[in-house]
Amino acid sequence: MSKKIKITSDDSQFDAWLALPESGSGPAIVLLQEIFGVNAEMREVAALYASEGYVVLVPDLFHQFEPNIELGYSEADHARAYDYYQRFDIARGVADIRATVDYARSMPESNGKVGALGFCLGGKLAYLAAAECGVDCAVGYYGVGIQDSLDVASRIACPLVLHFGETDALNPPQALDAIKGALGDMPNVKLYVYPEAGHAFNRSGPTFVRTAAMPAHTRSLQVLRKTLGPDYDLSALADHHFFLEFGARDPEATMQTMVPQPYVNHVPTMTGGTGYNELKRFYANHFIHNNPADMTMVPISRVVGVDRMVDEFVLCFTHDREIDWLLPGVAPTGKRVEIPMLVVVAFRGPKLYNEHIYWDQASVLVQIGLLDPAGLPVTGVDATKKLMDETLPSNTLMARWHESAPAN
């Protein structure tokens, strides 16, 4: 659902890459390129945000030199890209962005709302789009040279989010200080600086920093969702997925609730699967049809964010068969088991992207009789009982707890 299109402005015509969401329509994002042109990386980012529910347009801003420039990251391509960057006409680029924004608002696939998202050169252009191009919101990643255009800051009325790496040599401390000084007190602006992240921390390859890229994506979605939409009921989407797993026990239908290449990781046992084929195999042969008939989930709490949900619950079952994913290789004991669990569900648009599931495996082993808790800092079903009733005694495993009791 992607293709190249033509956009016409008052004085020029240029190409743009268009990526559509699975629904075929939604709010629009004008994605602004790095200095390497509309290359494979930008098309991947366009596909990512299309999967999040957006109509994504990536204008070819380097058409002012020659059309369809697409560079990689070799030393020669870096030199060529830097030359284009040095000669880039910012005013003309902003005019092309304005034309793309106008085009995006008028598209039949668009709901009329438009945001700007940019990286590197595009990060600065996203900032300028917030001031000059009438976008509804803007997000900029490690925009180079923003400190040289702070004179337009007072024109920014829409929500703006800017991400920077703390060790980015192209955005040194003095640049960040100037940006913070001009924008830091504006209520519609949020600035984030990520420790141990340099320039291009969101780009795939050697510069990628997961601990910066992941929270930055969530924070970007926060402003995009709030300002543009779409608004997905993540709680209902997760409940439907869980029903297909534990109620209908339908592997194929369960997979249809997920992105084309999902993954699931049961952290204590490292069971699950990565990618469609492996995860479907896991669901069909080792999970959905392999759970005890009396398995139930007792909800405790749920926290829903912009792109993920955290569920706290108690999993209850009778160990009447080998449960591959939970107790691989352990023959059924007939024991009743109740274990507190946490599942972190990440979403891409209206589809589940991944699940990380956590539990106390020691508690499980105690309950089925494979681990003697005597002398060990572990417990069995008492952990579940304490979770369900906070008035039960605390610190029962702490031998020195009585020593801190106040004197009568």
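Mentor: The count comes to 15 salt bridges, a salt bridge being a side-chain nitrogen of Lys or Arg within 4 Å of a carboxyl oxygen of Asp or Glu. The model is predicted, so local features need pLDDT of at least 70 and side-chain atom pairs count only at pLDDT 80 or more, while totals for chains, interfaces and linings use all residues. Residues are numbered from 1 along each chain as its sequence is written, and side-chain values use heavy atoms, with hydrogens and water left out.

One of the pairs is glutamate 70 with arginine 43, whose closest N and O atoms are 2.9 Å apart. Glutamate 70 lies in the loop between strand S4 (55-59) and helix H2 (75-87), and arginine 43 in helix H1 (residues 40-51), so the pair ties together parts that are 27 residues apart in sequence. Helices (H or I, at least four residues) and strands (E, at least two) are DSSP runs, numbered from the N terminus. Glutamate 70 is partly exposed, at 44% relative accessible area, and arginine 43 is also partly exposed, at 26%. Here buried means under 20% relative accessible area, exposed over 50%, and partly exposed in between (1.4 Å probe, protein chains only).

Aspartate 136 and arginine 105 form another salt bridge, at 3.0 Å from N to O. Because aspartate 136 is in the loop between H4 and strand S6 (137-141) and arginine 105 is in helix H3 (residues 90-106), this pair ties together parts 31 residues apart in sequence. Aspartate 136 counts as partly exposed at 26% relative accessibility, and arginine 105 counts as partly exposed at 30%.

Between glutamate 252 and lysine 280 the N to O distance is 2.5 Å. Glutamate 252 is partly exposed at 33%, and lysine 280 is partly exposed at 28%. Elsewhere, salt bridges that share partners join Asp239, Arg302 and Asp311 into one network.

Turning to the nonpolar side chains, the largest nonpolar core has 86 residues, and those with the most contacts inside it are Leu31, Tyr49, Val56, Tyr127, Tyr141 and Phe201. Helix H4 (residues 121-132) gives the largest share of this core, eight residues. Another core lies apart from it and has 32 residues, among them Leu234, Phe287, Val337 and Ile339. Such a core is a set of buried Ala, Val, Leu, Ile, Met, Phe, Trp, Tyr and Cys residues joined through side-chain atoms within 4.5 Å.

The backbone has a few points to check. Most residues other than glycine have a negative phi, and most peptide bonds are trans. The peptide bond from glycine 229 to proline 230 is cis, with omega near -10°, and proline 230 lies in the loop between helix H6 (210-228) and helix H7 (234-247). Cysteine 120 has a positive phi of about 60° although it is not a glycine; cysteine 120 is in the loop between strand S5 (110-119) and H4, and is buried at 6% relative accessibility. Methionine 270 has a positive phi near 55°, and at 72% relative accessibility methionine 270 counts as exposed.
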